[in-house]
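I opened my notebook beside the model and looked up a few spots, one at a time. Here is what I wrote down.

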Amino acid sequence: MSVAFVFPGQGSQAPGMGLDWADSTTSVTDLYGWASAVLGWDLTETLRTASADELRQTYIAQPAIFAVSVAALQALEAAGVQPPSYVAGHSLGEFSALVAAGSLSFEAGLALVARRAEAMQRAADERPGSMSSVLGLSAEGVEMAVAKAAEGQVLAVANDNAPGNVVVSGEWPALDRLPPAAKELGARRVVPLNVGGAFHSPLMAPAAEVFRPFLAAAPLRDTTVPVVANATAEPTTSAHELRGLLARQLTGRVRWTESVRRLASLGVETFVEVGPGTVLSGLIKRSVEGVRVLSAGDAAGVAAVAEALRGEADREHASDDDQGEVVVLPERFAVSPGHGRFYPVLPTRFTDEGPYVEPGDLLGEVRNGAASIPVRSPFRGQLMAHLAWEGELVTPGQILLSLRPF
């Protein structure tokens, strides 16, 4: 059985992530403590108290996700899980993957991640922009929409996440022109993302220039297992090659669909998402069939992965065991009907698999001052995950809940 560890990037953060390991073992406690000393702010306290809005800030989100991902990796190792055959990481997650592959120490990786986050935030402040997710259109179709909407401004495909889920990055006016251009070509929806900049686009060129000297000085070693790189979707073990690929990643496309399919073509049968959230798990399920997808985002997840990889979990059961839907098509999620703060309601219908909803069921409300806009289910389905937290400030079209239709 060939196993790949995959590591999440920015967007997988959530309040309270990683706390299972904050006080559990000396090694992880030391890891968080060392990170706090390097970062200049208390990582553990931030994980305990930060709101969703605070965790969206690039300089906080990226080091925190990296530290929690490495903590999860250490927990897997402590549970006796054998090293993987391959590793990969989505954007920021590539640095966690390098730690897993023996190319980079946690300490050196954290220093790089902190410098990267600062450089990206500075570039975003100097050249404002954002990102939008185009749903229901192929990567080729999105490229055509981008070409039409750009009109001489910066607009580029940033992440090819999964079939029908492609993220575009660029300047605000060009992004405003993207929805009609994409829908004319058959897109079902264009969802603005609440991010701090136009990442993985030419607008990040200043960040790449600032970051390149740090990469050149970093103590990268050749990897012990191949890393499938974002920039090429091809495996490499070369430290020299990785330095160039990590710099390219800042301004270029994250080829995640291709990376997942490349791993499958290399014989990977089991993907383990190591780190907070289950975003990558859903993307993998959309990209390839017949593989097992596991998630090690907390202590319970690590224990489940360790148990499954001992061979006690049946493959068919594992592939049927949903690890969390990712929003890819519009009929699979509920979105915000307006600006305000989102407050979910407790589910009232249940099956053996958990809560479910019927068409028209109240899922929550978006409050803006005295106004309250109900959020209702568009179809009958299993409630998989809340993608917006109670009291979170949301925008029109922002994804709130993930549902699996019956």
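Entry 1: I am working with a predicted model, where local features need pLDDT of at least 70 and side-chain atom pairs count only at pLDDT 80 or more, while totals for chains, interfaces and linings use all residues. Residues are numbered from 1 along each chain as its sequence is written, and side-chain values use heavy atoms, with hydrogens and water left out.

Ala-156 sits in strand β4 (residues 155-162); strands (E, at least two residues) and helices (H or I, at least four) are DSSP runs numbered from the N terminus. Leaving aside neighbours within four places in sequence, I found Ala-156 in contact with Val-146, Val-167, Val-168, Ser-169 and Pro-202, where contact means heavy atoms within 4.5 Å.

**Entry 2: a serine in a loop.** Where is Ser-377? I found Ser-377 in the loop between β16 (371-376) and β17 (381-386). Ser-377 is buried, with a relative accessible area of 5%. Beyond four places in sequence, the contacts of Ser-377 include Val-357, Pro-359 and Leu-403.

**Entry 3: an enclosed helix.** Next I checked helix α5 (residues 93-100): eight of its eight residues are buried, so α5 is largely enclosed by the rest of the structure. Among these buried residues are Phe-95, Leu-98 and Val-99. Just after α5, I noted that Gly-102 takes a positive phi of about 75°.

**Entry 4: the cores.** I looked up the largest nonpolar core, which has 73 residues; such a core is a set of buried Ala, Val, Leu, Ile, Met, Phe, Trp, Tyr and Cys residues joined through side-chain atoms within 4.5 Å. Which members touch the most others? They are Phe-5, Tyr-32, Leu-76, Leu-220 and Val-272. Helix α4 (residues 58-78) gives the most to this core, with twelve residues. Not counting residues up to four places away in sequence, Leu-220 touches Leu-98, Leu-112 and Leu-246, among others. I also found a second, separate core of 19 residues, including Ala-139 and Leu-155.

Methods. Buried means under 20% relative accessible area, exposed over 50%, partly exposed in between (1.4 Å probe, protein chains only).
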